[in-house]
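User: Hi there! Could we walk through this model together, one question at a time?

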Amino acid sequence: MIVDPIVFFIVAAFFLLFTIFSMVRLGAGPTTGDRIVALDTINTLVVSGMVVLAAAYNEVIYVDVAIIYALLSFVGTLYVARYLEGGL
């Protein structure tokens, strides 16, 4: 299926908009938990952007990079949650 390149531009623009909203929440979050959730949301948007980039350029390597980034982001989130809980 051939997708018009404008579709990828529109999706990327929405991801950028959502990332800006998350960055505002990251800076203005009243609690540390809110900031961690905002950072995790930004990481998820970056992974989604990499997958869209892979579809736009028809390159599989971007999906591999997105998977590794998602795994590292997950481990980082677990580490921070454990630290905030007082377990480290």
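This is a predicted model: local features need pLDDT of at least 70, side-chain atom pairs count only at pLDDT 80 or more; totals for chains, interfaces and linings use all residues.

User: Which helix holds Phe-18?

Analyst: Helices are DSSP runs of H or I with at least four residues, and strands are runs of E with at least two, numbered from the N terminus. The chain has 3 helices and 0 strands. Phe-18 sits within residues 5-28, that is, in helix 1.

User: How do helix 2 and helix 3 run relative to each other?

Analyst: Axes are lines fitted to C-alpha atoms, for helices over the stretch in contact, and angles run from 0 to 180 degrees between N-to-C directions. The axes of helix 2 (residues 32-57) and helix 3 (residues 61-85) come within 9 Å and cross at roughly 175°. Angles under 35 degrees count as roughly parallel, over 145 as roughly antiparallel, 65 to 115 as roughly perpendicular and the rest as oblique. The two helices are therefore roughly antiparallel.

User: Which helices do the buried residues of helix 2 pack against?

Analyst: Good one to check in the viewer! The buried residues of helix 2 include Ala-38, Ile-42, Leu-45 and Met-50. With contact meaning heavy atoms within 4.5 Å, the partners are helix 1 and helix 3.

User: How far apart are the end C-alpha atoms of helix 2?

Analyst: The expected span of a helix is 1.5 Å times one less than its number of residues. For the 26 residues of helix 2 that should be 38 Å, which agrees with the end C-alpha separation of 37 Å.

User: What is the radius of gyration of the protein chain?

Analyst: From the N terminus on, the elements run α-α-α. The radius is taken over C-alpha atoms, and the globule rule is 2.2 Å times the number of residues to the power 0.38. That rule gives 12 Å for 88 residues, so the chain is more spread out than a compact globule, with a radius of gyration of 15 Å.

Terms used
Residues are numbered from 1 along each chain as its sequence is written. Side-chain values use heavy atoms; hydrogens and water are left out. Buried means under 20% relative accessible area, exposed over 50%, partly exposed in between (1.4 Å probe, protein chains only).
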